[in-house]
Amino acid sequence: MIKPMLKTLVLLLVIGSFSSCEKESSLDVNQDKIYTDYEVFYNSNTDKSWVVAKFKFGGPTGTILELDDPAFVLFENDTLPYNVFFNGHYKEYAGQITSGTFSYTDANGDVYNNTLPSYEEIQFPTGLDTISKTQAFDLQWDGTALSANQFVGLFIGSWTWGNDALIIQTNQGADNLVVGINQLNNLPLGNSTCYMDRATEVEVSEGTGEGGKIRGKYRATNVPVIISE
């Protein structure tokens, strides 16, 4: 079951922004204490896929690690180099990637293979062009209802911090998001943009004692909207 997240962490998930943080070499830590996080993120706005493998010491909120020789991570046959903006090992691909395997070899030579789970498309309903701040609205997305281990995130706003609305739907069987006026309250009147991601996330099948996650994520085509009273 997916637990509720802090707003800042969800914002990273939904709109895909990244920041640079201090990191350490994976060679300097206990290899069985390395947490792994794998993601394939397809953005239908750009028709590109980002493949990202992150490694942290001690758990999902632990110290960021860069894999140094002899440790490395592959996606299929491609070595993923470290990218400071993603705080992990990253490679960009043209088109949508729907399958593939991450293969992580640690400094001790132990190998962990994890295959991308199936993930589904999602799009906004046609006709969404105006959102009133004074009325809750029910957004029924174009796509199937949520299955186990899936969630949808909706972000409405701009790059101005605080002028946004953020909603996460995790209920199995749901095919909609209900946005209340309390969530719309921070939106300024005028032009805004809706972003929506759908993900399937599961525990890694092969991992260290710290475990990890692997997910596939699909971003819908962004929709410009007018925020009105």
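Reader: Which residues does I156 touch, not counting residues up to four places away in sequence?

Author: Contact here means heavy atoms within 4.5 Å. On that criterion I156 touches I131, F137, N163, D164, A165, L184, L187, S192, T193, C194 and I227, once residues up to four places away in sequence are set aside. This is a predicted model, in which local features need pLDDT of at least 70 and side-chain atom pairs count only at pLDDT 80 or more, whereas totals for chains, interfaces and linings use all residues. Residues are numbered from 1 along each chain as its sequence is written, and side-chain values use heavy atoms, with hydrogens and water left out.

Reader: Which residues touch the most other members of the largest nonpolar core?

Author: A nonpolar core is a set of buried Ala, Val, Leu, Ile, Met, Phe, Trp, Tyr and Cys residues joined through side-chain atoms within 4.5 Å, where buried means under 20% relative accessible area, exposed over 50%, and partly exposed in between, with a 1.4 Å probe and protein chains only. The largest such core has 47 residues, and L154 and I156 touch the most other members. Strand β2 (residues 34-43) gives the most to this core, with four residues; strands (E, at least two residues) and helices (H or I, at least four) are DSSP runs, numbered from the N terminus.

Reader: Is R215 buried or exposed, and what does its side chain contact?

Author: R215 is found in strand β17 (residues 212-219) and is buried, with a relative accessible area of 7%. Its side chain makes a polar contact with the side chain of E201 at 2.7 Å; a polar contact is a pair of N or O atoms within 3.5 Å, and within protein one must be able to donate a hydrogen and the other to accept it, while residues adjacent in sequence count only if both atoms are side-chain atoms. Leaving aside neighbours within four places in sequence, R215 is in contact with D37, Y38, E39, V40, L116, P117, T200 and E201.

Reader: How should I read strand pairing, and in what order do the strands of the open sheet lie?

Author: Strands of a sheet pair through backbone hydrogen bonds, either parallel or antiparallel. Two strands are taken to pair if DSSP finds at least two bridges between them. In this model four strands form an open sheet in the order β6-β5-β9-β10, with antiparallel pairing. β6 (78-79) and β10 (111-115) stand at the edges, each with a single partner strand, so one side of each is left without a neighbour in the sheet. Strand β9 (residues 101-105) pairs with β10 over five bridges in the antiparallel sense, and T101 stands opposite T115 in β10.

Reader: Which strands pair with β8, and where does N87 lie?

Author: Strand β3 (residues 48-57) pairs with strand β8 (residues 88-94) in the antiparallel sense over six bridges, and the bridge partner of V52 in β8 is Y90. Strand β7 (residues 82-83) also pairs with β8 in the antiparallel sense, over two bridges, with Y82 opposite H89. β7 and β8 form a hairpin with four residues between them; N87 lies in the loop between these strands, has a positive phi of about 55°, and is buried, with a relative accessible area of 10%.
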